[in-house]
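Student: Could you pick one buried spot in this model and take me through it closely? After that, carry on to whatever else in the fold deserves a look.

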Amino acid sequence: MSVLKHVFWIFLALLAAVALAFIAGVVNPHEKVNGLWLVVAAGCIYTLAYRFYGRWIARQVVELNNQRVTPAVRLNDGVNFHPTNKVVLFGHHFAAIAGAGPLLGPVLAAQFGFVPGFLWLVIGAVLAGAVQDFIILVASMRRNGRSLPEIAHDELGSVTGTATAVAVLFIVVVALAGLGFAVVNALYENAWGTFTIAMTIPIGLIMGFYLQKFRPGAVAEVSILGVVLLIAAVLFGRVVAQSSYAWLFEFDRPALVWLLAGYGFLASVLPGWMLLVPRGYLSTFMKLGVVFLLGFGVILMAPTIEMPRVTAFASGGGPIIPGTLFPFLFITIACGAVSGFHSLVSSGTTPKMIEQESQAVVGYAAMLLESFVGVMALIAASVLIPGDYLAINTTLSAEALAAMGFAPSRIAELSQMVEVDVAGRPGGAVSLAVGMASIFAALPGMSGLMAYWYQFALVFEALFILTTIDTGTRVARYLIQEMAGRVYAPFRRINWLPGVLLSSGLVVGAWSYLIGTGNISTIWPMFGAANQLLGTLALCIGTTVLIKMWKSPYLWVTAVPMLFVGVITLTGSYEMFWMFLKKAGTAATGQAFALYLDAVLVAVVAVLGLIVLSDGMRQWYGYVILKRPFTSSEVVVMAGGGSAGRTQTAICCDDEKRFKLPHGTGCC
C-alpha cells in the first residue's frame with residue numbers, strides 16, 4: 001500500500017506538470033487550450049497541496065493537538081459555542097467565506113489573459129490564502145474564538161488593534177460597494193432576473209419562520225421547500241418578463257441601488273433567523289451544486305478557451321481594469337487567491353464550533369475549494385470570444401473595440417439566446433452568467449434552454465453576492481457599535497434599537513453612495529486593494545502569533561506571502577491614489593468629489609496598513625533578535641485539566657522558552 005501511495009502521488013504530480021505545460025503553451029504553443037486542462041491542473045495541485053503542505057503546517061508549524069480542549073467544548077453554551085460535526089463545520093465555513101469575489105474577480109482579470117489569472121488563483125491560494133485562513137483560525141481557536149481586531153489588540157497592542165479595527169470597517173464598506181455594483185449592472189432593465197432575485201427574500205422569510213416557528217428542527221423539509229420555491233421563481237420569472245406586468249420589475253440603476261440598500265438595511269436590522277440565516281443556508285446548496293455542475297460540464301464538453309494566454313492589456317490601457325498586469329491582476333482577482341475578508345470568518349463563528357483541534361484544517365481546505373470556484377469562473381469567462389467578453393464588460397462601442405483588435409462577434413446572437421441585451425453590462429456578473437449558460441446549454445438535451453440557464457446563473461451569482469452584502473452589513477454594524485460604545489456605552493448593546501438603526505443606516509448609506517457615484521474601473525480595484533491589504537494585516541498578525549508559539553524557524557510560512565501581497569497592494573494603492581486624483585482634475589464637479597473621496601479612502605486604508613505592518617515588524621525585531629520577553633493571550637487547557645473558568649494568559653517566563661501558566665490553572 002505504501003508503494004501504491006507513492007506511485008499515486010508521483011502520478012498526480014506528473015499529471016499536474018503536463019496540464020500546466022499545455023496551459024502555459026510549452027506544448028502546442030500555437031493551439032488554443034482546452035478548458036479541461038485547467039480543471040485537471042487545478043484539481044491535482046489542490047490535492048497535493050492539502051496532502052503535503054497543509055498537513056505539514058498542521059503537524060509541524062501549529063502542532064494541532066486533540067488533547068487541547070477547544071472553546072466549543074469548554075465554553076459550550078448551545079448558541080455561540082457548540083461542538084459541530086466536521087462535515088457540517090466544513091460546509092458552514094465554506095458557505096461563510098465563499099462570497100462573490102471568486103466569481104467576479106477572475107472574470108474581470110481575464111482582460112489580461114487567462115494564464116496569469118489561473119497561475120495566481122492556484123499558487124496564491126496554496127501558499128497565501130489558505131495559509132492565512134488556517135493560521136488565523138488556529139490563533140482564534142486558541143484564544144477563545146476572539147476576533148481579528150481583538151487578537152491584534154492583545155498581541156500587538158492598542159495602536160495596532162485600533163488601526164486594524166478601523167481598516168476592517170473601511171474594507172468591509174468598500175467590499176460591499178464592489179459586490180453591490182455587480183448586482184445592479186446585472187439586474188437593471190431585466191424583469192426576469194429582478195423578479196427571481198426579489199422572490200428569494202420572501203422565500204428566505206418563509207424558510208426562517210418554518211424552521212423557527214412551525215417545524216423546528218425540520219432541516220430536510222425546509223431545504224426541499226426552499227429549493228422547490230427557488231426553481232419555481234426562476235421558471236415563473238420568464239412568464240412575468242413576457243407579461244404586461246413586466247414593467248413592475250424593470251428598474252434603472254439608481255432605483256436598484258435604493259432597493260439594494262433597503263434590503264441590506266432590512267437584513268441587518270431583522271433577527272438573523274428570520275432572513276439572514278435561511279438565505280445563507282439556501283445559498284450553500286446553490287454554491288456547491290452549481291460549482292460542481294459547472295466542473296462536470298467542463299469535463300464532459302471540454303470547451304475551448306477563446307481568450308489569449310496573455311493579452312495586449314497586460315502592459316496597461318485595458319478597458320475594464322485600467323492598470324498594468326502588475327499589480328492590478330492580483331488585486332482584481334482578490335478573493336479567489338487571498339482574501340482578508342476570510343480572516344473575519346476564521347476569527348468569527350468557525351473557531352467557536354471546532355470540536356477537536358485536528359478539525360481546524362477546514363481553514364486550509366475550504367480556501368482551496370473557493371479557489372476552484374475562481375478557476376471555474378475564469379473558464380466560464382474565457383470560453384467567450386474576447387470581443388464579446390469586452391462588449392459585455394465595457395460600455396465601448398463595437399467600433400472602438402474593433403480598433404483595439406477585439407471586434408465583437410456573437411454579441412447580438414448571445415443577447416437573443418438569453419433574451420436580454422447583455423452588451424454594456426460591466427461588473428463581471430453578466431459575462432460570467434453568459435459563459436456559464438453557454439457551457440450548460442452545450443450539455444446533451446439542453447441546447448434550447450440557454451435563457452433559463454442564464455437567469456439561473458444570475459440567481460446563483462446574486463445569492464453569493466447578497467449573502468455577502470447582508471452578512472457584511474451586519475458585521476460592519478457590529479464594528480461601528482463596538483467603536484461607538486467607547487464613546488457612548490449603550491452602543492455596545494448589540495440589540496439596542498437606536499444603535500442598531502443608526503449604525504445600519506451609516507453602513508448602508510456609505511456603500512450605496514459608492515455604488516451610485518462609482519464605476520467598475522474605480523470600485524473593483526478599490527475593493528481588491530482593500531481586501532488584499534486586510535489579508536496582509538492578517539498574515540502580519542499570524543506571524544506575530546507564530547513568534548509567540550516559539551515557531552520562529554517557520555516565520556517564512558506567513559512572512560513571505562505577507563511581504564509579497566503587501567508590496568502588490570501598497571503599489572496598487574499608490575497607483576490608484578494618483579489615478580483618482582488625475583481623473584478628478586478633469587471630471588465634472590459632482591464626479592470629481594466622488595473621485596477625491598475614492599483617493600482619500602485608498603490613502604487612509606494604505607496608511608492604516610503601514611501602521612500595522614511597521615508596528616508588527618518593530619515588535620518582531622524585539623522578540624526574535626533582541627530576545628525581549630513577551631506575553632501571549634493564548635489559552636492552554638489540556639484534556640483532564642482544571643476548570644475552564646480558571647484559564648489565564650500564558651507568559652514567556654523561563655530560559656527554555658516555553659509557556660508556563662500561573663499556578664492553579666491545572667493545564668498539564
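Tutor: Let's start with Met562, which sits in helix H23 (residues 556-586); helices here are DSSP runs of H or I with at least four residues, strands are E runs of at least two, and both are numbered from the N terminus. One caveat before we go on: this is a predicted model, so local features need pLDDT of at least 70 and side-chain atom pairs count only at pLDDT 80 or more, while totals for chains, interfaces and linings use all residues. Residues are numbered from 1 along each chain as its sequence is written, and side-chain values use heavy atoms, with hydrogens and water left out.

So, is Met562 buried or exposed? Its relative accessible area is 2%, so Met562 is buried (buried is under 20% relative accessible area, exposed over 50%, partly exposed in between, using a 1.4 Å probe and protein chains only). Skipping residues up to four places away in sequence, Met562 touches Thr536, Leu539, Cys540, Leu613, Met617 and Trp620, where contact means heavy atoms within 4.5 Å. Its C-alpha is 9.9 Å from that of Ile541, a residue 21 places away along the chain.

Next, follow the chain past H24. Glu634 lies in the loop that joins helix H24 (589-625) to strand E1 (651-652). What does the Glu634 side chain pair with? It makes a polar contact with the side chain of Arg68, at 2.9 Å. By polar contact I mean a pair of N or O atoms within 3.5 Å; within protein, one must be able to donate a hydrogen and the other to accept it, and residues adjacent in sequence count only if both atoms are side-chain atoms.

You'll find Asn393 in helix H16 (residues 386-393), buried at 1% relative accessible area. Its side chain makes a polar contact with that of Ser431, at 2.9 Å. Beyond four places in sequence, Asn393 also has Leu108, Ile320, Arg425, Pro426, Gly427 and Gly428 among its contacts.

The peptide bond from Phe326 to Pro327 is cis, with omega near 10°, and Pro327 belongs to helix H13 (residues 325-333). Then comes Ala334, in the loop between H13 and helix H14 (340-346); its phi is positive, near 50°, though the residue is not a glycine. Ala334 counts as buried because its relative accessibility is 0%. Val338 sits in the loop between H13 and H14 as well, buried with a relative accessible area of 0%. Apart from neighbours within four places, the contacts of Val338 include Trp120, Gly124, Ala128, Gly129, Gln132, Met367 and Val565.

That brings us to H6 (residues 114-141), a 28-residue helix that reaches 38 Å from its first C-alpha to its last, close to the 40 Å expected; the expected span is 1.5 Å times one less than the number of residues. H6 bends by about 60° at Ala125, the bend being the angle between axes fitted to the seven residues ending there and the seven starting there. H6 is mostly covered, with 25 of its 28 residues buried. Past its end, Asn144 lies in the loop between H6 and helix H7 (148-156), with a positive phi of about 60° despite not being a glycine. Asn144 counts as partly exposed because its relative accessibility is 24%.

On to the nonpolar cores, each a set of buried Ala, Val, Leu, Ile, Met, Phe, Trp, Tyr and Cys residues joined through side-chain atoms within 4.5 Å. The largest one has 205 residues, of which Tyr364, Tyr454 and Trp511 touch the most other members. Tyr364, for instance, contacts residues including Ala49, Tyr53, Ile57, Val126, Ala130 and Phe134. A second, separate core has five residues, including Phe195, Val240, Ala246 and Phe249.

Let's finish at H18 (residues 411-418), where Ile411, Leu414, Ser415 and Val418 are the buried residues. Down the axis of H18 they fall within an arc of 100°, so they line one face of the helix; the arc is that of the directions from the helix axis to the C-beta atoms. Exposed Ala412 and Gln416 are on the face turned away from that buried side. Glu419 follows H18, with a positive phi near 65°.
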